[in-house]
Structures are given as C-alpha cells and as structure tokens.
Amino acid sequence: MSRPIASWSLRRRVTAIALFVCTATLLAGGVAMHRADQISDRNVLDARLVTLANTVLAFAEHEIEEEGFTQGLGDAVRQTESSLGTRYHYQVWSLDGRLLHQSHKAPSGGPMRPLAERGFGEAMVDGEDVRTYAEAAKQAGMVIQIAERMRDREAAVGITTGYFLTFLAIPLLLIFVSTWWFLNRALHSVDGYATELRERHVLDLTELNATNPPAELKPMVDSINALFGRFRQTLSVEREFTAIAAHEMRTPLAGLRAQAQLAATLAGSPQELSASLRGLMSGIDQASYLLDRLLDLARIDSLAVAGGHVLGTVKLEKVYWNVMSELGPTAAERDVTLKARFEVDELLAVELGLHMLMHNLLVNAIRFTPAGGRIEVGSVLNTQAILLTVDDSGPGIPASRHAEAFQRFNRLGRVDAHGVGLGLAIVQAVAQAHHAVVRLLESPLGGLRAEVRFPAAPHICRAALRNVEVTGSSRY
C-alpha cells in the first residue's frame, strides 16, 4: 500500500527539524567541548614545557659548572639526540649572550627568542613554527629557552578531534533512526485515516474510527467528524425537503390533471367547461405559488452563503412599500387596515432577503386577519438590537404550537387553498442568514406578533435616535 504524499512530507519536515535541532545542539556543544579540549591540551603541553625547562636547567647547571662556566670557557656542550628526540629543542645562555648548552639539533646561530624575554611565546626555528618557553636560573645567572614544534602539538589535538568526531556521529545516527521510528509510529494513525477516507463511498459520512489518536491530531479528527456531522445534517434536511416537496407537488399536479380531464371529456355544457377551466386555472395558480416559495427557499440557501459579503444599509420604508405594491390589492379586497411606524428606518441587511422576510410576514398577517381587521408594522431600537414587528388582529397561534409553525410545509392543520406552509420557514431562514432571531408572541391587537431581532450596527444605533415615523394608517 502506497503512503500518502502529505504524510511523507510531514515525516520529512519533522525529521529534518529534529535532525537540524539535534545536530545544531550537538555541534554547538561539540565545538565548545573541542575548544575547551584545545585549551586544556595547550595548558598541559605548556606545563610540560615548563617542567622540561626546569629539569634540563637543573641538570645543565651542574654540568656547565664542571665545564668551566665560572672560568669563562666558551665552548658549548651538546646534548645527545636520544635525550629529548626531535620534538623539543633547548638552549642555555649566559646573561651576557654566550651559548653554554644546547640540544643535539638546536639552532646554534643565535637564541630562539631575545634573551630578555621570559615566559611563553612563538618563534620560527629552521623554517618551522615552534612554541617556546624561557626561564632564568635562580642562582647561576643562566637563561634556558626550550621549544616544541607546533605540528607535533597540533597532531595530538588532531587525534583527539578525530576521536571526538567519530563519537559525535554515533549519537547523530541514533537520533536519526529513533526520530524516524517514532515519527512512523506517531503518524501511523494519519496513514490509517487517509486510507479510510480514500476508500470511503462518496455518501458515507460516518465519523472516523479514531482509536486513541495522538493528542496533536485529535483536534483535526474532531474537526473532520464535526464537518461530517454538518454534512449529514444538510443532506438530511435536503432529503426531507425533497421528499416533502415532491409530495406537496403531487397534489396540485393531480388536481390539474383531473380538471383537464374533466374539461376534455366530462364537460357537457359551456357552464361545466367554464367551471372546469376555472378549476384548472386555480390549480395552476396554486402550483405556481408553491414553485415560487420553493424558489424563495433556493434563494435563501444562496443568501446564507453570500449574505455576509453583500450586507448593506437597507431602508425599511422602501422595502415596506415595495411589498405593499404587491399585497395592497389583496389587503384592500379583505378590507384590512395597515399601519406602519419605523422608529429605525435603516437596517444592515440584504435587500432581497429583507423583502422576502417582510413579504411572507405580511402575507400571513393579511391571510389570517378577518375582514375589517388591523395590521401594524414597526421597528424600534432595543439594547443594541433592532426589533422588526408585525402585529395582526387575527386568531393567532397557540403558544404550544409556535415551534411547530416554523416547520416546512406545516400548515398547523389549516385547510387553505393558497397556503403551502412555507411562509414562517422562509422568514426563519432569512433571519438566520442575517444572524437574527424570530419569535412568535401574543399581539396587543389580540392576534399574533412576529418579532425579528436584528443585530444593530453602531452607526445605525446612533441614527435610530431620530425616531422617524414613516406613515400613518392606510386602508386598502
């Protein structure tokens, strides 16, 4: 089974980060240790030079006295080659500049350093860099200069460095192997989730089988499962809506077919034919109304997605009169009085959505308000929220059935040739798209109050203090 590319990429990144951090840490510590080792080796080698100088000087003092140093003899005595080998050279000088003693291959042309200098220093002897040390005898009036070749000193440090680098590679290798192994173990569940998702059916929205996922991956798994849950809910609503819509459309279509069949075959007189055609037209109107409401629901779905990007300042007065231009004849026919008072005339909303919301609220109010009744539309500012209310003097809805009234295609048991049970469902969907809340209350007019609470923008709250009254009462 091939591994997911994303999982491999994550492994490489995490492994590279771990190796970089560990390598940088080891190298930084290694450089510090190596530098400390160099300083330690240098101190040890310098201490050895001091010891050799004191040792040689102790032996040379007695020998020089026997050779006639005190009588002023000038011949120097040469040390045998086997005493210090070729790594070290030394010279013993009198304070007046006479060479008294030297090693087998020490330079004889002059002192390795000025005789007045004491302590450690660097010099060039026979074309080689050397580390030197100079010290004066306490009693005999002599100065010893001893030198060690730098390449011999560095060779010792180089051996230490080689061992150090060799042993440094071992923990690096262990870190690489252990990091890769632990990453494979930690990301094994990621491979399992990826395989499970890749092999799923397109409609399988069950939760991922997450058994003890790593703590770092649990938020991602929970988010995926929550996303699946939202998909399941959306699909459930869509399936339910499709089933109910198909059922609701079946009735008017069956009625249309029956009226058409009656007009075609059973109408025996012009009066019967006219009645059948009127029934056919009524059925067409009902089906058209149902299709309009279904299209409204489709628009609301798109509004819920794009509403946050197209919100703008909408005037309630303008929306109200646009709606009444459509519903005014119906209200006049039913002899219903409407009154509108907008203390807040501006609202941050999508104009199309607000139009659908007010249209459906007023359609319901006009439909269920008896002849000669009243409807009042208004808006007020209330604790950083704008309340849009529609009151009517109709029979209202019992409080126990308020939640049921928002269900799609639910007519609350009423038989109405023009209703399809989508009005309040559309109102609630528009409100949710605007982050608003819809409530059904008892109206002061005796019927139903529909209240929509919109969040108010600060500039609209300030403008709302003007208390603008849009219109008085009107009779249709």
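Modeller: A definition to begin with: helices here are DSSP runs of H or I with at least four residues, strands are E runs of at least two, and the numbering starts at the N terminus. Keep in mind that the model is predicted.

Charged pairs come up at the outset. The structure has 15 salt bridges. One of them joins the side chains of Asp46 and Arg42, at 4.0 Å from N to O. Helix α1 holds both Asp46 and Arg42; they sit four residues apart, about one turn of the helix. How covered is each partner? Asp46 has a relative accessible area of 7%, so it is buried. Arg42 has 43%, so it counts as partly exposed.

Now a bridge across the chain. Lys315 and Asp345 meet through their side chains in a salt bridge of 3.9 Å, N to O. This pair links distant parts of the chain, 30 residues apart: Lys315 is in strand β7 (residues 312-315), and Asp345 is in the loop between β8 and β9 (346-349). Lys315 is partly exposed because its relative accessible area is 41%. Asp345 is at 11%, so it counts as buried.

Glu351 and Lys318 form another salt bridge, with the closest N and O atoms 3.6 Å apart. Glu351 counts as partly exposed at 35% relative accessibility. Lys318 is partly exposed as well, with a relative accessible area of 48%. Some bridges share partners: Arg42, Asp46, Glu122 and Arg131 are joined by them into one network.

Next, the rings. A pair of aromatic rings is described by the distance of the centres and the angle of the planes. The structure holds three aromatic pairs. In the pair of Phe120 and Tyr133, the ring centres lie 4.8 Å apart and the planes stand at 45 degrees, so this pair is tilted. Phe120 lies in strand β4 (residues 119-125) and Tyr133 in strand β5 (residues 128-136), so the pair ties together parts 13 residues apart in sequence. Phe120 counts as partly exposed because its relative accessibility is 35%. Tyr133 is at 11%, so it counts as buried.

The pair of Tyr320 and Phe342 is edge-to-face, with 5.9 Å from centre to centre and 65 degrees between the planes. Tyr320 is in helix α6 (residues 316-333) and Phe342 is in strand β8 (residues 337-342), so this pair ties together parts that are 22 residues apart in sequence. Tyr320 is buried, with a relative accessible area of 1%. Phe342 is buried at 0%. Ring pairs also bring in Trp321: Tyr320, Trp321 and Phe342 are linked into a cluster.

That leads inward. In soluble globular proteins, nonpolar side chains tend to be buried together. The largest nonpolar core has 48 residues, and Tyr320 is among those that touch the most other members, together with Leu357, Leu362, Ile375, Val377, Val452 and Phe454. Which helix gives the most to this core? Helix α7 (residues 351-368) does, with nine residues. Phe454 has contacts with Leu347, Leu354, Leu357, Ala385, Ile386, Leu388, His434 and Ala436, leaving out residues up to four places away in sequence. A second core of 15 residues is separate, and includes Leu52, Val92, Tyr133 and Met142.

Past helix α7 comes a loop. Pro370 sits in the loop between α7 and β10 (374-382). Pro370 is at 39% relative accessibility, so it counts as partly exposed. In sequence, Pro370 is 36 residues from Arg334; in space, their C-alpha atoms are 7.5 Å apart. Pro370 touches Val336, Ser393 and Gly394, not counting residues up to four places away in sequence.

Ile17 lies in helix α1 (residues 5-66). Ile17 counts as exposed because its relative accessibility is 55%, and the cut-off for exposed is over 50%. Ile17 forms a nonpolar surface patch with Phe20 and Val21; their accessible area together is about 330 Å².

Methods:
Residues are numbered from 1 along each chain as its sequence is written. This is a predicted model: local features need pLDDT of at least 70, side-chain atom pairs count only at pLDDT 80 or more; totals for chains, interfaces and linings use all residues. Side-chain values use heavy atoms; hydrogens and water are left out. Patches are made of residues with over 30% relative accessible area and no salt bridge: like charges are joined within 9 Å, nonpolar side chains (Val, Leu, Ile, Met, Phe, Trp, Tyr) within 5 Å. Accessible areas come from the Shrake-Rupley method with a 1.4 Å probe; for residues, only the protein chains shown count as cover. Buried means under 20% relative accessible area, exposed over 50%, partly exposed in between (1.4 Å probe, protein chains only). Rings of Phe, Tyr and Trp (its six-membered ring) pair if their centres lie within 6.5 Å; planes under 30 degrees apart count as stacked, over 60 as edge-to-face and the rest as tilted. A nonpolar core is a set of buried Ala, Val, Leu, Ile, Met, Phe, Trp, Tyr and Cys residues joined through side-chain atoms within 4.5 Å. Contact means heavy atoms within 4.5 Å.
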